[in-house]
Amino acid sequence: MRKYLCPMCNGQTVVKNPAGSLWQQCPMCEGNGHIEGQAGRRPAWYTIQLVANSAAAATTNATGSIQILASEDFEWQFVMAAYTDARLLITVIDNSSGKPLVIAPNQNSNQGIVPIALFAGNAQLPFPIRPSYRIPKNNTLTIIITDQSGAANTLNLALYGNSVTEQSPAQTKAA
Ligand SMILES: [Zn+2]
């Protein structure tokens, strides 16, 4: 987080009292001498549509990816889904660590899949991610679904949260 020199005490951490007779802790920066900039946040949705169909063996599974913006982290807060049939299993993999991380809890230790209804809510009752999960900018989430309904199953998945803008570490300078 970027830090700015406190404009009231100019980094001295103390200011004179109103009478000018005593020094007191700077009330603006609470004696730190600097003020931290707030990261910019704005609402953001990331969506994906996938179709899986277990009536045709070749398309039982469908895989797609969600690309996070190159310039802004994504603070994931809610997950929502609409689907043809609830008999749909889902796995979400966060690739940002360099080592795939399965976000969805493992029901099947080999595939790490859970039914869609246990993973996502809808727009009226979205499932909250607690605590919010921050995905670094310019990374991808891999989404894998497996249909068990025996027919074409279309999933629309929406991740809601905040896009977060702040200085990159290379530009950050402590006061
Ligand atoms: Zn100050």
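**View 1. Valine 79 and its bridge partner in β11.** In this predicted model, valine 79 has phenylalanine 127 of β11 as its bridge partner. The strands β7 and β11 run antiparallel and are joined by 5 bridges. Strands of a sheet pair through backbone hydrogen bonds, in either a parallel or an antiparallel manner.

**View 2. The open sheet that contains β7 and β11.** The sheet has 4 strands, arranged in the order β5-β13-β7-β11, and their pairing is antiparallel. At its edges are β5 and β11 (127-135), each of which pairs on one side only. On average, neighbouring strands of this sheet are turned by 25° against each other, direction ignored.

**View 3. The largest nonpolar core, with 24 residues.** The residues that touch the most other members of this core are Leu88, Ile90, Ile116, Ile143, Ile145 and Leu155. Two or more residues of the core come from each of β5 (40-53), β7 (73-83), β8 (88-94), β12 (140-147) and β13 (152-165). The largest share, 5 residues, is given by β7. In soluble globular proteins, nonpolar side chains tend to be buried together.

**View 4. Residues 168-175, a stretch with pLDDT below 50.** For the protein, the average pLDDT is 85, and 86% of the residues score at least 70. Over residues 168-175 the pLDDT is below 50. This stretch has 9 contacts in the model beyond near neighbours in sequence. Where pLDDT is low, the predicted coordinates should not be read in detail.

Methods. Residues numbered from 1 in each chain as written. Predicted model: local features only at pLDDT ≥ 70, side-chain atom pairs only at ≥ 80, totals over all residues. Core = buried A, V, L, I, M, F, W, Y, C linked by C-beta atoms within 7 Å. Buried ≥ 20, exposed ≤ 12 C-beta atoms within 10 Å, placed from the backbone. pLDDT = per-residue confidence, 0-100. Contact = placed C-beta atoms within 7 Å. Pairing = 2+ DSSP bridges. Axes fitted to C-alpha atoms, helices over the stretch in contact; angles between N-to-C directions.
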